[in-house]
Amino acid sequence: RRKIDDVVETLKNAKRHDRKCTLLIGAGCSVSAGIPLAGEFVNYIRRRFPQAHQRAEAACQGEASYKDCMAALAEGERRDLIVEFVDPAEPNLAHICMALLMKHGYVDRVLTTNFDPLVIKACALMGFIPAIFDLAATQLFVPEFITKESVFYLHGLYTGFVLLNTEADF
């Protein structure tokens, strides 16, 4: 197992050779900012949208997952549910650390499965705005056009046109 000192050493050596790191983050990164994990969304849907939760369980013939529950909601309900938690959220220490790693040249890409803009907000707090790419809403990807620090939304940005929540979306 690697320890944090090993990671620091690797990052410093990579920077010395003009190489940067890419980070892949998911829901766990935003939990302390008040955005629930998938299981908590399921519980919330069970309480707030009991009919949708029952449809989800019937459709999967068992315990409904996040993607099952989201599929049972109307698209507008899905979006409203996500906005309810994402809008008031503020960057946490993990987001600030990622922004600092980007600003100081250790990280050049953040790939996120989250819908929230917390990494971008953290970068703004550190005095810069990375390039932002919503891969869920585009069919065109041109690597040569990526010239600076960037955040890639793999499942969509909550204010975007496409949010990948269900099995059919994926």
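Modeller: We shall go from the overall layout to the core, then to one helix, and lastly to some single residues. Please keep in mind throughout that this is a predicted model.

Biologist: How many helices and strands does the chain have, and in what order do the elements run?

Modeller: The chain has seven helices and four strands, and from the N terminus on they follow the order α-β-α-α-α-α-α-β-α-β-β. The C-alpha atoms fill a box of roughly 55 × 35 × 30 Å along the principal axes, and of the contacts with a separation of 6 or more, 67% are between residues 24 or more positions apart.

Biologist: What share of the residues is buried, and what does the accessible surface of the chain come to?

Modeller: Buried residues make up 40% of the 170 residues, while the accessible surface comes to about 9900 Å², with 57% of that area belonging to carbon and sulfur atoms.

Biologist: How should I read the core, and which residues have the most contacts inside it?

Modeller: The general idea is that in soluble globular proteins nonpolar side chains tend to be buried together. Here the largest nonpolar core has 40 residues, and Leu81, Ile82 and Val110 are those with the most contacts inside it. Several elements supply at least two residues each, among them α2 (38–48), α5 (75–86), β2 (107–112) and β4 (150–153), but α7 gives the most, with five residues. If you select Val110 and leave aside its neighbours within four places in sequence, you will find it in contact with residues including Leu23, Met98, Val119 and Phe152.

Biologist: How do I tell which side of a helix faces inward, taking α3 as the case?

Modeller: An α-helix has 3.6 residues a turn, so residues three or four places apart point the same way. In α3, the residues Ala52, His53 and Ala56 are buried, and because they cover an arc of only 100 degrees around the axis, they are on the same side of α3. The buried residues of this helix pack against α2 and α4, whereas Gln51 and Ala58, on the other side of α3, are exposed.

Biologist: Is Arg78 buried or exposed, and what is it in contact with?

Modeller: Arg78, which has its place in helix α5, counts as buried because its relative accessible area is 13%, under the cut-off of 20%. Leaving aside neighbours within four places in sequence, Arg78 is in contact with Met70, Leu73, Asn165, Thr166 and Asp169.

Biologist: And where does Phe133 lie?

Modeller: Phe133 lies in strand β3 (residues 131–134), and with a relative accessible area of 27% it is partly exposed. With neighbours within four places in sequence left aside, Phe133 is in contact with Ile146, Ser150, Val151, Phe152 and Tyr153.

Terms used:
Residues are numbered from 1 along each chain as its sequence is written. This is a predicted model: local features need pLDDT of at least 70, side-chain atom pairs count only at pLDDT 80 or more; totals for chains, interfaces and linings use all residues. Side-chain values use heavy atoms; hydrogens and water are left out. Buried means under 20% relative accessible area, exposed over 50%, partly exposed in between (1.4 Å probe, protein chains only). Contact means heavy atoms within 4.5 Å. Accessible areas come from the Shrake-Rupley method with a 1.4 Å probe; for residues, only the protein chains shown count as cover. A nonpolar core is a set of buried Ala, Val, Leu, Ile, Met, Phe, Trp, Tyr and Cys residues joined through side-chain atoms within 4.5 Å. The arc is that of the directions from the helix axis to the C-beta atoms.
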